[in-house]
Amino acid sequence: MGKCISTMCIGSGNNERQTELGRGTNRSRMRTNPKALGAGDQPTERAALVAKTTSTVLPRLASVETPERNGTTVELLCATKDGTSFHRPPTNNGVANPVNETAVNKLFDCYKDRSYHDYSDDVILSEGTTRFLRDLRLDPVEFSVVVLAWAFNAASMCRFTRREFSHGCATLRADSLALLRANLAALVLQTRHSDAIFRNVYHYAFRWALDPDGPRSLPVDVASPLFVAVLSGRAAPDLLRQWTEFLEAAEVRVITKDSWNMFLNFVDSVTPDLSGYDDTEAWPSLFDAFVEYERERRSKHSSD
């Protein structure tokens, strides 16, 4: 996949084996906390977690069955063309599609890559994604874009298949840009208020950002802005800034899935002054290196 709308969209790169700082020196230490191991990605765990949080954030909500969520439901406040909330009528299988599929296909066609002529294979690629996000009034590096991709169940950055696009529009109950903007904003708000849904989005972001043809880790130039996009508003700004500065200063090359997943637990449990960090716990060695680096930096700064 070619370079796209920001550094968060990755090129095809090379397939050289890359290593994360300290990887292999402390890998036997693993958290026993299921959340730290990304248990929210497991179907039964995910369904149970999200079930606990439904109907607690926004009033007048209607259930949405999200793609590939293994029965997990997300309660979403949806607008309709007359400005009222939408309540999906039941069908034989309990789920109805509230969108006009013809309108959705026409919307997709506005952005699809013109080099594809087979209806079953056509896709929106980097140029179309750029225009799509611009028309939705979204900054490519903001959290809303990650939530949009999650709702569409996009397999990779800067690419939407027709199936993903149609499924996403059905999930958001939208067949126009105006409805997409309104209902995405509601889902973003709810995601920020629901720890269960946020964790689903956070874990999804790593898979979404992977190069389909590359290694199963994220280059730091992709991971660093993605950390900022997903965790801004959740992690303490100073801690997030210190982390990204460390990744650059220490010349960390890649972020593994374990480190990505566990960093959410790290920012939830460690204060900006790092007083809550216990190096006897089973943190990845990369986190140990970060805390040591930051404490040394602060000590040197205070002595100057």
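**View 1. Helix H2 passes helix H5 in a right-handed crossing**. A crossing is right-handed if the near helix is turned clockwise from the far one by less than a right angle, and left-handed if anticlockwise. This is a predicted model, in which local features need pLDDT of at least 70, side-chain atom pairs count only at pLDDT 80 or more, and totals for chains, interfaces and linings use all residues. Residues are numbered from 1 along each chain as its sequence is written, and side-chain values use heavy atoms, leaving out hydrogens and water. Helices are DSSP runs of H or I with at least four residues, and strands are runs of E with at least two, numbered from the N terminus.

**View 2. H2 (residues 101-111) packs against H5 (residues 162-171) at an angle of about 130 degrees, with the axes 10 Å apart**. That angle makes H2 oblique to H5; angles under 35 degrees count as roughly parallel, over 145 as roughly antiparallel, 65 to 115 as roughly perpendicular and the rest as oblique.

**View 3. Here, Arg162, Phe165, Ser166 and Cys169 of H5 meet Val104, Asn105, Leu107, Phe108 and Asp109 of H2**. Contact means heavy atoms within 4.5 Å. The residues of this contact are five nonpolar, two polar and two charged.

**View 4. Arg137 has a positive phi of about 60 degrees, although it is not a glycine**. Look for Arg137 in the loop between H3 (126-135) and H4 (143-152). Arg137 is exposed, at 66% relative accessibility (exposed means over 50%, buried under 20%, and partly exposed in between, with a 1.4 Å probe and protein chains only).

**View 5. Cys158, also not a glycine, has a positive phi of about 60 degrees**. Cys158 sits in the loop between H4 and strand E4 (160-161), and is buried, with a relative accessible area of 6%.

Key: Axes fitted to C-alpha atoms, helices over the stretch in contact; angles between N-to-C directions. Nonpolar A, V, L, I, M, F, W, Y, C, P; charged D, E, K, R; others polar.
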